[in-house]
Amino acid sequence: MTSWPLTYGSVPLCLLLVVALCAGTSYSGDNVCSSALITSCKECLRRGPQCSWCFKEDFLEGAGAGHRCDLQVNLLKRGCGPEFTEQSDVKVEVNATVSSTQVSPRDISITLTPGSEASFIVAVKQLPRYPVDLYYLVDVSASMQENLDHLKTVGVALSLRMTEYSSDLWLGFGSFVDKPVSPYINVHPTKINNPCSDYEIRCRPAHGFHHVLSMSGNMSEFTRVIKRQRISGNMDTPEGGLDAMLQATVCQRAVGWRPEAKRLLLLMTDQPSHLALDSRLAGIVIPHDGRCHLENNVYTGSTRMDHPSLGQLYDKLLENHIYSIFAVEKQQYQWYEELVRLLPGSYLGKIGFFQSPNLIDLVVDSYKSLLTEVTMSVSLDDEAFSRYWTSVSPVCPEGATAKERSCLGVQPNQTVYFNITIGLRSCPDHGADEDIEVTVRPVGYNESTTVRIHSKCQCGCGSTGRCHESGRSPCADTIDGTGREQKPHRGLVNESDWNCRAEGSNVDCNGRGACECGRCTCENSRLGTIYGKYCESDDFSCSYKDGLLCGGRGTCVLGECACEDNWTGDSCGCPVSTATCQSPDGSLCSGRGTCACGQCVCDDHRYSGDFCERCSACQSSCQSNWKCVDCHMARGLGQHEAGHCNLTCNSDVVYISDMVSAGGKWIECTYMSRDNCRYWFQTSSESERNQLHISTRAECASRGRLVGTFLSVSALTVLCGLVVVAVSRLLLQKRGWSPGDTQKNGEYNCTGKELSYIPTSNEKTVTYRRDRLPDHSVEMTVHVKMPLGEPWQ
């Protein structure tokens, strides 16, 4: 069995029903059905669920068999009624007679054809206070000695704690170490029976899995069994935990799993686990078969078969309705965190020491978490896996949240709905019909939904069973009771008696076919299909648009385009809808035109644009009114002078003091007078006579103010430049440098051209002053002259 990684589909609309009988198909925009290469009904239906085959005997008489395959709508237009068509038949049937308490429905039948899909809904109800089976699977390697001691007090305390959540708790116990072969254990004779002989301790031999205690509600017996356990030992770090988990899962009878209980498998270890292919180090290459191999409660296949893969372990956990819990120390938490992601329905707990309170909290918390999470899984045989696909979308109840393929936070008595879609990619290679079963199961639940799928890959073609796949022989006369064609005797047939010419025509089959046995066999054309009794019809003598027959939106029938829905016109190029003519304001062509073939036709020639929204002539009305406005300006905008401008203006003029927005029908304009004053006016041509509103307020700029502004800006620029130069010079002087400096540290640095100007001596004046004389102080000045370059002392 293979389990899919489930993906989300579409959320169902019919959530009030337990099951929605919603069968769907996927359609393509291109006609993949029409092809001259198709010669049979089976080939036609394998093209996709949208394809249909016409088995009407005289359909497109004279045409090839491949033209019987087309879209259903095209076949109907060509005269093939639905009673003569073979098409994809998708069905979803629910068997409501099978009762259920948690998962419903329990049985569904689906019919699919290649390329089709079917959807249905599975409901999962969360019940309160399930019976619980908890199996302890404990690593008994030497490092777990202290942890075994802590288990002695777990049974009774856990039983009392779980009474809050379960009506009945049973416990079981098993132990594991690793495969008892080299290099996992020391195979020296003194070490096989007692791996701890070096430490003068008596240990039990290493083992892959030992089932110790079957499920029991006797907590005293569980405690007694734990007290008798002894540790063992091995050599490498990883242990055989996954190998033991598989045996504890599939050995249903030995472990004693109850069918009505929630099943928990608790793995306790302080080390990582071996994975599939690790056993090759010991020369074990046989893959695990996924079966139980217990004899006297000891796993006998440990030294013969490899460790199970994670996918194999997950399938077995799912198949046997078991939740897995991993109790590991914090050093190994990250390793098991990666593993749990690949095992849906698993819980990981991190505890520092396997003490009684920690273990009880871990079991209770994991049980509550797993019980409130509902995850759906879909499985089918590996042989059919590549031919099918599936998607699952959870619809969570109020208060719960969707996460990937699960619902989290589901409370007792709440119902989770899963919208599941299964599709068929292709039929088997042999092409025959196929029946398979798909299992839909919530992880950890002992109830599931069985989906029986019938893949329809063959054609029935009505009551006669004749699909006319290879066409009827032109010389056939009758069909006997066995369906075989009875041909006439050629020696008794005169070809002239067979009419291959239309009335008034002197050419056989209109020159587009050959007359064989008195019937026309129409020729093949690269343009399309030629058919009819006299090859008088075809499906390509219709109008073309954009290089496509009927614009690619219709079918040519008897020389005229039969357009698809929502299209019309000679070449199906005109949409019936007026949506493309809707203006942004919701009006049709801005209220200035009509919608013809999806485009606006403006009523007024001055308007243009996709929605008749532009008016170039309207926009030039500002300039056309300048002469009129100039006349009124020259008259001083006086009411008594307005009449003198009647000859210049063809508008009704009104003077206004302030410009206000007058709506979309008015155009706002400006006018610059001779005295550099700007005036505003509004114009509108919506009424029979042009309207003009002229504002009496103006903005004027004086020449003197402009000159003053220019001079002020110029002076400010010059002043800023001088300030920058002065500040720069001041900063340079403070740093001890000036443009004329040529001396540094008492020395001259001169070029060759300036050697004649070098001074020959260095002069310095020194003043001495002597204070505290009897009468007055004495001051003496000495002028000293020394050769250049001699240092001062």
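Tutor: A residue is called buried when its relative accessible area is under 20%, and exposed when that area is over 50%. The model discussed here is a predicted one. Within it, both Cys500 and Cys515 are buried, so each has a relative accessible area under 20%.

Student: Why is the pair of Cys500 and Cys515 called a disulfide?

Tutor: The criterion is a pair of cysteine sulfur atoms within 2.5 Å. The sulfur atoms of Cys500 and Cys515 are 1.9 Å apart, and therefore the pair meets that criterion. The structure holds 20 disulfides.

Student: What does the pair of Cys500 and Cys515 tie together?

Tutor: Cys500 sits in the loop between β26 (485-486) and β27 (513-516), while Cys515 belongs to strand β27, so the link joins parts that are 15 residues apart in sequence. The link is right-handed, with 65° about the S-S bond.

Student: What makes the disulfide of Cys522 and Cys535 left-handed?

Tutor: The torsion about its S-S bond is about -105°, and therefore the disulfide of Cys522 and Cys535 is left-handed. Cys522 lies in strand β28 (residues 519-522), and Cys535 in the loop between β29 (530-531) and β30 (537-538); the two are 13 residues apart. Their sulfur atoms are 2.1 Å apart, which is within 2.5 Å, so the pair qualifies as a disulfide. Cys522 and Cys535 are both buried.

Student: How do you know that Cys589 and Cys600 form a disulfide?

Tutor: Their sulfur atoms are 2.1 Å apart; the limit is 2.5 Å, so the pair of Cys589 and Cys600 is a disulfide. With -95° about the S-S bond, this link is left-handed. Cys589 is in the loop between β36 (574-575) and β37 (593-596) and Cys600 is in strand β38 (residues 599-602), so the pair connects parts 11 residues apart in sequence.

Student: Why is Cys589 called buried, and why is Cys600 called buried?

Tutor: Cys589 has 0% relative accessibility, and Cys600 has a relative accessible area of 15%. Both values fall under 20%, so both residues count as buried.

Student: Why is Cys720 called partly exposed?

Tutor: The relative accessible area of Cys720 is 44%.

Student: How many of the residues in the chain are buried?

Tutor: Buried residues make up 42% of the 793 residues in the chain. The chain has an accessible surface of about 43200 Å², of which 50% belongs to carbon and sulfur atoms.

Conventions
Residues are numbered from 1 along each chain as its sequence is written. This is a predicted model: local features need pLDDT of at least 70, side-chain atom pairs count only at pLDDT 80 or more; totals for chains, interfaces and linings use all residues. Side-chain values use heavy atoms; hydrogens and water are left out. Buried means under 20% relative accessible area, exposed over 50%, partly exposed in between (1.4 Å probe, protein chains only). Accessible areas come from the Shrake-Rupley method with a 1.4 Å probe; for residues, only the protein chains shown count as cover. Helices (H or I, at least four residues) and strands (E, at least two) are DSSP runs, numbered from the N terminus.
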